[in-house]
Amino acid sequence: MRPPTEISVFLLSLLAPGVLYTMNNIPALQEPLVILGMGAVILGSVLLLLFLTVRHKAKVDPLFYVFAEFSFTCLVGLTNALEQDGFISGFMGFYIKMGEPHLTTAYALMMSYWEGIVHFILFLVIIHRMFSGKSYRSLGLLWAGSSIAHQIVHIPGVVIGKYGSNIRPAFWRNIPFFLAPFWAASLLFSRPREMQIITADKIAAEQKKSLLFRPIDLLLSLLLLGSMAFSVFRGFVVLDCSLDTCFTYIYQYEPYLKDPVGFPRVMMLVYLFYALPLLTVFIYGLKTPGCSWMLDWTIFFAGAMAQTQWCHIGASLHSRTPFTYRVPADKRLPVIALNALLAAAPALLALRCHTNPAYFMKPVPAGQSNSKKKEN
């Protein structure tokens, strides 16, 4: 009897620390170009093993290979985080020295923990649902948002930060991991959404209510407006705005924003130029009935904000961040609270959209059962 596919992927991923340990103890495998080549060979071998694992299946979703391959790299990231924080040793020394030195930064460690725990669990659940014939579209969009946000901060942050002058060949293995989530997201967005049918009467009743008579939506709109203001403010801060308020904030509240590693600066600019427009259209979606795209994009955005804020909050407090750039002890409560709210607002919005989606749906013929399923 064959083990469930998610168990096979889990066991295959556990090989990652062993591969790292072997390479860390063979000097011939520790040259920069050799590391890049070995990375390609290992990932190719993993892909072959995955193909052999599911070859007996009649039809395999192409996204399975993306999720399963990323599962393997998640364990690589978790191994790095555990070693840099002193829990294990003897796995990553060669790669830090000759591969990607920036992986010792506090931001990279928080990123590795997120990948190794949150993404890894997501992948196993998605693969389980995939081969059980259940929908995994929402979970996939949550991962896609998280992964894309991770890469659009990670890659530019390395290039423009203090590690930009020490980029080794192994760094370029991030390119396929940058492109794959965009491809996966395009597939997921194009697939039909499965949800319960809601009667036309209920949809009409919900959509007649103005924002003032929907207190939860009104509160969410205010939270999104606050998130927009905070994103604009911190964008100005990292752009060296000369206002006294900006100067006070960066030196007395979040000095991490001027850490030369580059990641916090890139993140604030991503918020300013990408998150801000999305927050704007979400407020529009809460005010305008029938915006069915809210059901997908709120999940995608919630994943992105959760990942980036986890990394930002963790890195600004982590001991690997130089003391002068950490959040001052007497300012931790307001800074952490503001950053936590910035992550919570999109998550609460996504939860609201999916627990009561009637306001965002197009009317359906009256008389249909609420218990039936419909592809929307």
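Reader: Which element gives the most to the lining of the largest pocket?

Author: Helix α4 does, with nine residues. This is a predicted model, in which local features need pLDDT of at least 70 and side-chain atom pairs count only at pLDDT 80 or more, while totals for chains, interfaces and linings use all residues. Residues are numbered from 1 along each chain as its sequence is written, and side-chain values use heavy atoms, with hydrogens and water left out.

Reader: What makes a space a pocket or a cavity?

Author: On a 1 Å grid over the protein atoms alone, a cavity is a set of points where a 1.4 Å probe fits but cannot get out, whereas a pocket is an open set with protein on both sides within 12 Å along at least five of seven lines. Lining residues have an atom within 4 Å of a point.

Reader: What kinds of residue line the largest pocket?

Author: Its lining divides into 24 nonpolar, ten polar and three charged residues. Ala, Val, Leu, Ile, Met, Phe, Trp, Tyr, Cys and Pro count as nonpolar, Asp, Glu, Lys and Arg as charged, and the others, Gly among them, as polar. Of the 37 lining residues, Leu 43, Thr 73, Val 76, Arg 173 and Phe 177 lie nearest the centre of this pocket. The lining of the second largest pocket has eight nonpolar, seven polar and seven charged residues.

Reader: Why is Asp 217 called buried?

Author: Buried means under 20% relative accessible area, exposed over 50%, and partly exposed in between (1.4 Å probe, protein chains only). Asp 217 has a relative accessible area of 2%, so Asp 217 is buried.

Reader: What makes Asp 217 and Arg 352 a salt bridge?

Author: A salt bridge is a side-chain nitrogen of Lys or Arg within 4 Å of a carboxyl oxygen of Asp or Glu. The closest N and O atoms of Asp 217 and Arg 352 are 2.5 Å apart, and the two form a salt bridge. Asp 217 lies in helix α10 (residues 215-238) and Arg 352 in helix α14 (residues 332-355), so the pair ties together parts that are 135 residues apart in sequence. Helices (H or I, at least four residues) and strands (E, at least two) are DSSP runs, numbered from the N terminus.

Reader: Glu 206 and Lys 209 also form a salt bridge; why is Lys 209 called partly exposed?

Author: Lys 209 has a relative accessible area of 37%, which puts this residue between the two cut-offs, so Lys 209 is partly exposed. Glu 206 is buried, at 14%. Their closest N and O atoms are 3.4 Å apart.

Reader: How many salt bridges does the rule give?

Author: The count comes to nine. Another of them joins Arg 137 and Asp 296, at 2.8 Å from N to O. That pair links distant parts of the chain, 159 residues apart, with Arg 137 in helix α7 (residues 137-160) and Asp 296 in helix α13 (residues 294-317). Both Arg 137 and Asp 296 are buried.
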